[in-house]
Amino acid sequence: MSSTLQREDIVRLCERVEGAQTRARAIPKLTDEYPALSVADGYAVQSELRRRYLAQGQRLVGWKAGLTSKAKMRQMGVDVPSIGFLTDRMARPENGAISTGDLVHPRVECEVAFVMRDELRGPGCTAQQVLAATDYVLPALEIIDSRFAGFKFDLPSVIADNGSSARFVGGGRARLVDELDLRTLGVVLEKNGEIVALGASAAVLGHPAEAVAMLVNILAELGESLAAGSFVMSGGITEAVAVAPGDNVVARFQELGSVSVRFTE
Ligand code: OOG
Ligand code: MG
């Protein structure tokens, strides 16, 4: 993927996104100032952000696919999937408290997460290859937090903002992929004891492993591979649900158990 941005523009946009992420301040979407920003430009900014965070001592632990279900695409008005990176700084324990003070306007998504046993490298990666390279799957909650005002963006802007990545929580029961039909897992998302969303895993590109294959193929375009041991989120099955301090959220997955978090100031 080749960006047409000058190096100084990449750095400038990256600093803007990094500032919004670390100060939890909303900024206008990047295309307001750079209307010609392309998907490749978005990934150039995201790669610079990853380079900076790793240089600051954060550890890359995996990747996330986003906008992989119709529910998510409809909610966000974007119809092309994207990827982002995950670092140890974003990981939170199951049943833990997540502070909202350092987030802009958090939303929660329920996802199937994959932990990779073998490295995968595109192009041409298939869902079959993903399943063969997977150590196990587990249920996960992703807390997304767009740094763009009103949670409104377009594809290049959200990619530059690392796919709205903020926090993630793995939990429930780890399972081997050959013990499950990963297309038909039902999930119920509850907030404060009430069902706020429900769906089935096939909502994610027909099969969540397809989202991981897509991610590996985008990584190849960025000159990267998916390392063994990576934690990979395959994308929200339902629309994302806004959360506030005091909220308790639990995602109950068929076969995979449940994963929960609560939110504080
Ligand atoms: C982009 C991130 C989407 C998912 O699972 O679809 C995402 C956004 O909606 O802010 O993480
Ligand atoms: Mg997500």
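Me: How many disulfides does the structure hold?
Reply: The structure, which is a predicted model, holds zero disulfides.

Me: What about Cys14, buried or exposed?
Reply: Cys14 counts as buried, because its relative accessibility is 0%.

Me: And Cys110, buried or exposed?
Reply: Cys110 is buried too, with a relative accessible area of 1%. Cys110 is also one of the residues that Thr238 touches.

Me: Where does Thr238 lie?
Reply: Thr238 is in the loop between strand 9 and strand 10 (241-242). At 2% relative accessibility, Thr238 counts as buried. Leaving out residues up to four places away in sequence, Thr238 touches Ser69, Ala71, Lys72, Cys110, Leu189, Ala197, Leu198 and Gly199.

Me: Changing topic. How many residues has helix 6, and how far does it reach?
Reply: Helix 6 covers residues 208-221, which is 14 residues. From its first C-alpha to its last it reaches 21 Å, close to the 20 Å expected at 1.5 Å a residue.

Me: How many residues of helix 6 are buried?
Reply: 11 of the 14 are buried, so helix 6 is largely enclosed by the rest of the structure. The buried ones are Pro208, Ala209, Ala211, Val212, Ala213, Met214, Leu215, Val216, Asn217, Ile218 and Leu219.

Me: What do those buried residues pack against?
Reply: Two helices are among the partners, helix 2 (39-55) and helix 4 (127-133). The strands they pack against are strand 1 (60-66), strand 2 (82-87), strand 4 (107-116) and strand 9 (231-233).

Me: What comes just after helix 6?
Reply: Gly223, which takes a positive phi of about 80 degrees.

Me: How many residues has the largest nonpolar core?
Reply: That core has 87 residues, and those with the most contacts inside it are Ile83, Phe114, Leu141, Leu226 and Phe231. Helix 6 supplies the largest share of this core, nine residues. As background, nonpolar side chains tend to be buried together in soluble globular proteins.

Me: Ile83 is in strand 2. Which residues are on each side of that strand?
Reply: Ser82, Gly84 and Leu86 are on one side, and Ile83, Phe85 and Thr87 are on the other; all are buried, and both faces are covered. Six of the six residues of strand 2 are buried, so this strand is largely enclosed by the rest of the structure.

Me: In what sense do strand 1 and strand 2 pair?
Reply: Antiparallel, over six bridges. Within strand 2, Thr87 has Leu60 standing opposite.

Me: On to charges. How many salt bridges are there?
Reply: The count comes to 20 salt bridges. One of them joins the side chains of Arg7 and Glu48, at 3.1 Å from N to O. Arg7 is in helix 1 (residues 7-23) and Glu48 in helix 2, so this pair ties together parts that are 41 residues apart in sequence.

Me: Are those two buried or exposed?
Reply: Arg7 counts as partly exposed, at 49% relative accessibility. Glu48 is buried, with a relative accessible area of 4%.

Me: What does Glu18 form a salt bridge with?
Reply: Arg52, with the closest N and O atoms 3.1 Å apart. Glu18 is in helix 1 and Arg52 in helix 2, 34 residues apart, and the pair links distant parts of the chain. Both Glu18 and Arg52 are buried.

Me: And Asp181? What is its partner?
Reply: Asp181 forms a salt bridge with Arg183, where the closest N and O atoms are 3.0 Å apart. Asp181 is partly exposed, with a relative accessible area of 34%, and Arg183 is partly exposed at 42%.

Me: Which residues do shared partners join into one network?
Reply: Arg7, Glu15, Glu18, Glu48, Arg51 and Arg52 are joined by salt bridges that share partners.

Me: Last one, Leu182. Where is it found?
Reply: Leu182 is in the loop between strand 6 (165-170) and strand 7 (186-191). Leu182 counts as buried, at 2% relative accessibility. Beyond neighbours within four places in sequence, Leu182 is in contact with Val112, Phe114, Leu131, Val137, Val177, Ser201, His207 and Pro208.

Terms used: Residues numbered from 1 in each chain as written. Chains lettered and ligands numbered in written order. Predicted model: local features only at pLDDT ≥ 70, side-chain atom pairs only at ≥ 80, totals over all residues. Heavy atoms only, no water. Helix = DSSP H or I, 4+ residues; strand = E, 2+ residues; numbered from the N terminus. Expected span 1.5 Å × (residues − 1). Buried < 20%, exposed > 50% of the residue type's maximum accessible area, 1.4 Å probe, protein only. Contact = heavy atoms within 4.5 Å. Core = buried A, V, L, I, M, F, W, Y, C linked by side-chain atoms within 4.5 Å. Pairing = 2+ DSSP bridges. Disulfide = S-S within 2.5 Å. Salt bridge = Lys/Arg side-chain N within 4 Å of Asp/Glu carboxyl O.
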